[in-house]
Amino acid sequence: MFNVQDIRKDFPILSRKVNGKPLVYFDNAATSQTPQQVIDVIVDYYTNYNANIHRGVHTLSQEATDLYEQARQKVQTHFNAKFSHEIILTSGTTHSINLVANGFSSLLKKGDEIIVSALEHHSNIVPWQMLCERTGAVLKVIPMNEDGELVMNDFNNLLSKNTKLVFVNHISNALGTINPIAYIIEKAHQVGAAVLIDGAQACPHIKPDVQALDVDFYVASAHKMCGPTGVGMLYGKEAWLNKLPPYQGGGEMIAEVTFEKTTYAGLPHKFEAGTPNIAGGVAFGAAIDYINNIGFDTIAAYENDLLDYATEKLLAIEGLKIYGTSKNKTSVISFNLENIHPYDIGTILDKLGIAVRTGHHCAQPIMDFYRIPGTVRASFSFYNTKEEIDALVEGVKKAKMMLS
Amino acid sequence: MTIEDIQNEIIDEFSMFDDWEERYQYMIDLGKDLPLIDDQYKTESNIIKGCQSKVWVHAEMKGDKITFTADSDAIITKGIIAILIRAFSDQHPKDIIDANTDFIDKIGLKEHLSPTRANGLVSMVKQLKMYAIAYQTQLN
Ligand SMILES: Cc1ncc(COP(=O)(O)O)c(C=O)c1O
């Protein structure tokens, strides 16, 4: 039985105070909190196993390597990849995306097309713009509608034999919209394009099955899944990963080096140059265990309940408007209150110990679409409670009173 | 009055407040009341790009003193701007260059001038000083 009070005991940070008030943490879409079970794994790693991996004959190095490779297998199992060498451990979603974008430099030519969506995190649009500059490929954008959903008709019209790559996030960070990725993958494959899905926002809520999706690349960050910062993953189909050239040169990624020629290591090491964040990787595995122990069905049911509750309570505040009203969305509420600047609301909420995100959420095109400078974003996790949502609602009312 | 006198006056005013709510309400009211900048100066080139709230600053030399006007689209930011402008405007460039902003700490608003705060105020203070340096060079 899921008992949120028990779950909360796993997260030491949830009992701290901010500005003299109990912390209400609603910035989960930016980064999730870390349970003691994961913190313990990091401490245990440095206490008992710390060594460099993949290169030592000594016991510590072998034990550390085993732990790291076990973590890779946990990621593989979680995402249901066919092989563990299809899982590249990276420093996060951004790194994973750049790795793929860089790899495509050598595969694209002038006139090829890359399709991205209007709902992207803009730091993720940049690698594609850079790729287009390098190769002469053209960037096309799937537009969105008022509800914050991608318009599939327009997507279909953008697809052609020139389409080489489609990049879409599984779930929008600014609005919480769940995009129809299965459909997008199927359609893109019909024209022979590869698909990269940014699962950074999806993985805290959904367990993706990369084989069932038949996706070519899927990326995520550990720090949004109760894991540590600076760690993430790239799943790529074996055939694709073999096709892409290495991203960075360095130790670990080579088989043989002479000054004339270097032969690269096989997968996954070809893409893992240098000493990785070993403790972080091991802790990523522990985080995956932690959330699977709770179970994604349980998490989804509980978070949807929080979302419905918060949506109803917030909408009861006069003048409050929610952006991102798709029926398919996760527990993210982006809103504005009359003409009050989101920054002002966020500042008052912070004084009340309530952590929300304000601003454009690195999704300026979405804000431009709605003609707003930004929103206040509250994002809920399975360790949040209805009482915390009540505190948010009271906080927003207080902000409204003070600011208008 | 010198910048320091004005700062002490502001510290006195804020010492009357018991809690953050009163301080913030006062600041919000300052922000609301003051028409801080002439619309013609709310130009793209006068914008200080903080991550979240926009801040505009305009400087003019009147005699041997600088007059600052400024604005923001966020009201709390605007309230602090009103306080900063009150301390720094109509002063000699040299005094502006030498002045510090510790008083913001003393009135319990330190967090707003933290370099990690994405509200543009830190850049605004820098900009005020840059203007002062530029005008000071002219005077010399
Ligand atoms: C949809 C999406 N993609 C990518 C990122 C970037 O993730 P990271 O900073 O962990 O690389 C984020 C983080 O906010 C995100 O929400």
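Visitor: Which residue in β6(A) is the bridge partner of A:Ser117?
Guide: That is A:Ile142. Keep in mind that this is a predicted model.

Visitor: In which sense do β5 and β6 of chain A pair, and over how many bridges?
Guide: Strand β5, residues 113-117, and strand β6, residues 138-142, pair in the parallel sense over five bridges.

Visitor: And what unit do they make with helix α5?
Guide: β5(A), helix α5 (residues 126-135) and β6(A) make a β-α-β unit, and the unit is right-handed.

Visitor: New topic. Which residues surround the ligand?
Guide: Among them are A:Thr93, A:His121, A:Asp198, A:Gln201, A:Ser221 and A:His223. By class, the shell has eight polar, two charged and one nonpolar residue.

Visitor: What are the distances from side chains to oxygen atoms of the ligand?
Guide: For A:Ser221, an N or O atom of the side chain is 2.7 Å from a ligand oxygen. A:His223 also has a polar side-chain atom 2.7 Å from a ligand oxygen. For A:His121 the distance is 3.3 Å.

Visitor: How much of the ligand does the protein cover?
Guide: The protein covers 84% of the 400 Å² of accessible area that the ligand has on its own.

Visitor: Back to A:Gln201. Where is it found?
Guide: A:Gln201 is in the loop between β8 (194-198) and α8 (210-213) of chain A.

Visitor: Buried or exposed, and why?
Guide: A:Gln201 counts as buried because its relative accessibility is 8%, and the cut-off for buried is under 20%.

Visitor: What lies 2.8 Å from a polar atom of its side chain?
Guide: The backbone oxygen of A:Ala29 lies at that distance from the A:Gln201 side chain.

Conventions: Residues are numbered from 1 along each chain as its sequence is written. Chains are lettered from A and ligands numbered from 1 in the order in which they are written. This is a predicted model: local features need pLDDT of at least 70, side-chain atom pairs count only at pLDDT 80 or more; totals for chains, interfaces and linings use all residues. Side-chain values use heavy atoms; hydrogens and water are left out. A residue is near a molecule or strand if one of its heavy atoms lies within 4 Å of it. A polar contact is a pair of N or O atoms within 3.5 Å; within protein, one must be able to donate a hydrogen and the other to accept it, and residues adjacent in sequence count only if both atoms are side-chain atoms. Accessible areas come from the Shrake-Rupley method with a 1.4 Å probe; for residues, only the protein chains shown count as cover. Ala, Val, Leu, Ile, Met, Phe, Trp, Tyr, Cys and Pro count as nonpolar, Asp, Glu, Lys and Arg as charged, and the others, Gly among them, as polar. Two strands pair if DSSP finds at least two bridges between them. Helices (H or I, at least four residues) and strands (E, at least two) are DSSP runs, numbered from the N terminus. A crossover is right-handed if, with the strands pointing away from the viewer, the path from the first strand over the helix to the second runs clockwise. Buried means under 20% relative accessible area, exposed over 50%, partly exposed in between (1.4 Å probe, protein chains only).
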